Amino acid sequence: MLNNQDAPDGPELDGIFHALADPTRRAIVIRLCEGPASVSVLAEPFSISLPGIVQHLQVLEASGLIRSEKIGRVRSCSIVPAAVRRAEHWLGQRRTPEERRLDRLEQFLDSQPPH
């Protein structure tokens, strides 16, 4: 029987999926996929206190999905593409055989010259 520690990429992926389990954190990730942003800019669309947003950012940073840096008095956050790809890859490996066959059919049809 596999436990969390024995699963391939277990603890790393656990942190990523834990971070993505919250809708506020998912919204922050979506925003950061558009480009870096300051904490205050990230907080704007939410009716959450700034300390609440900072807690969400800390979870995202601990998971490896984002990084932050302080430039002067402003803390800026950015996405870590490798972490997003890691989760995407893991999910992609769990696609059903039917989905993979449809993808191959789509690739074949796309490669055919137009009539």
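This is a predicted model: local features need pLDDT of at least 70, side-chain atom pairs count only at pLDDT 80 or more; totals for chains, interfaces and linings use all residues.
**Notebook: contacts, helices and a salt bridge**

I started with contacts (heavy atoms within 4.5 Å): in the protein chain, residues 24 or more positions apart make up 48% of the contacts with a separation of 6 or more.

Residues are numbered from 1 along each chain as its sequence is written, and side-chain values use heavy atoms, with hydrogens and water left out.

Next I looked up the elements. I found 6 helices and 3 strands in the protein chain, taken as DSSP runs numbered from the N terminus (helices H or I, at least four residues; strands E, at least two). From the N terminus on, the order is α-α-β-α-α-β-β-α-α.

T24, R25, I28 and V29 in α2 meet I53, H56, L57, V59 and L60 in α4.

Which salt bridge did I find? E12 pairs with R86, the closest N and O atoms being 3.0 Å apart; the rule asks for a side-chain nitrogen of Lys or Arg within 4 Å of a carboxyl oxygen of Asp or Glu. E12 lies in helix α1 (residues 10–20) and R86 in helix α5 (residues 81–92), so the pair ties together parts that are 74 residues apart in sequence.

Last, I looked at exposure (buried is under 20% relative accessible area, exposed over 50%, partly exposed in between, with a 1.4 Å probe and protein chains only). E12 is partly exposed at 39%, and R86 is partly exposed at 29%. Of the 115 residues of the protein chain, 27% count as buried.
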